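Me: Please take a close look at one part of this model and walk me through it. Keep it brisk, and tell me how that part connects to the rest.

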Amino acid sequence: MESTPSPTPPPSTVVSRTSVRVGLLLAVGVLATAGCGSTPATGAGGGAPGPARSIGDAPLAVTPPPAPAPTPAVTSAPAPAASTGPTPGPVRAVPLPGSAPTATPAPPPVCSPEGVALTVGEADAAMGLRVLPVRLTNCGTRPYSLNGHPAVRVLDAERAPLAVTVKRGSAGIATLANFDAAPKPLTLQPREYAEFQLVWRNTVTAGDKASDNGRYLEVAPLPGRPRLTVPADLDLGTTGRLGVAPWSAPAR
């Protein structure tokens, strides 16, 4: 008796089963990949992810980030004071017209062979009028006698005489009682002194004449006695006149 062959399943059934197997394999692979991934899952409600864990759920040590170094305090320098303008330079004195001339620095007085020394003071000026004191000191060891007016000449910077008229008294230059007083005899003991004065105006009256400027005085304490020369500044202008007071003993 002949056996009957088993019926062959239709081709559509074989393909369908194969497709199911392939799909199951792909699903398993996807799940395995998702379980081994390094992307942490978010918390419930979309919150921040939880701490990372190693494979096998073993806890990992989490090292906190280093604290930032403190910033050093910066002390600002004080701002410079605001400048209100350029720094002023040194102030220089300027002589005014008609002011007294600057005196030439005088060397220390020298005791002459006669035993006297001559020194010149500072001129007193007022409205162009000059009054200059001259002192004679007895620097010797014997008494020294004076009487009357000294003999005076004005010299220039080269010690040449100037053309100046020297008169006893105020010479009409100004009214000065001590210049026109009668002279009195004086006797100076060692280290005592006496004075006389000179008066002039520094007026410039002639435009074509140069002003006379004395730089030295040549003085004979009495006519005929040896002359002494000392530095002195006399701005005589163009008047050409000089008045001489008699010797007097200053109040002590």
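Reply: Strand 2 and strand 3 form a hairpin, with two residues between them. In the turn, M127 has a positive phi of about 55°. Bear in mind that this is a predicted model. Its mean pLDDT is 74, and 56% of the residues reach 70 or more.

Strand 2 covers residues 124–126 and pairs with strand 3 in the antiparallel sense, over three bridges. A125 stands opposite R130 of strand 3.

Strand 3 itself spans residues 129–138. Is it mostly covered or mostly open? Mostly covered: eight of its 10 residues are buried.

Next, strand 1. Strand 1 and strand 3 also pair antiparallel, here over five bridges. A117 has T137 of strand 3 as its bridge partner.

Then strand 8, residues 193–201. Nine bridges join strand 3 to strand 8, and the two run antiparallel. R135 is bridged to E195 in strand 8. The side chains of these two residues meet as well: E195 makes a polar contact with R135 at 3.0 Å. E195 has a relative accessibility of 18%, so it counts as buried.

Outside its sequence neighbours within four places, L198 contacts residues including R130, V131 and L132. The list also has V152, F179, L217, L234, L242, G243 and V244. L198 and S170 are 28 residues apart in sequence, yet their C-alpha atoms are 8.6 Å apart. As a general point, side chains in a regular strand alternate between the two faces of the sheet.

Strand 9, residues 212–220, pairs with strand 10 over seven antiparallel bridges. One of the paired positions is D212, whose partner in strand 10 is G237.

C139 forms a disulfide with C111, and their sulfur atoms are 2.0 Å apart. C111 sits in the loop between helix 1 (11–36) and strand 1 (116–120), and C139 in the loop between strand 3 and strand 4 (144–146), so the pair ties together parts that are 28 residues apart in sequence. The torsion about the S-S bond is about 95°, so the disulfide is right-handed. The model's disulfide count is one. Neither cysteine counts as buried. C111 is partly exposed at 40% relative accessibility, and C139 is partly exposed at 33%.

Last, a caution about confidence.

Definitions and conventions
Residues numbered from 1 in each chain as written. Predicted model: local features only at pLDDT ≥ 70, side-chain atom pairs only at ≥ 80, totals over all residues. Heavy atoms only, no water. Disulfide = S-S within 2.5 Å. Helix = DSSP H or I, 4+ residues; strand = E, 2+ residues; numbered from the N terminus. Buried < 20%, exposed > 50% of the residue type's maximum accessible area, 1.4 Å probe, protein only. Contact = heavy atoms within 4.5 Å. Pairing = 2+ DSSP bridges. Polar contact = N/O pair within 3.5 Å; in protein donor to acceptor, adjacent residues only side chain to side chain. pLDDT = per-residue confidence, 0-100.
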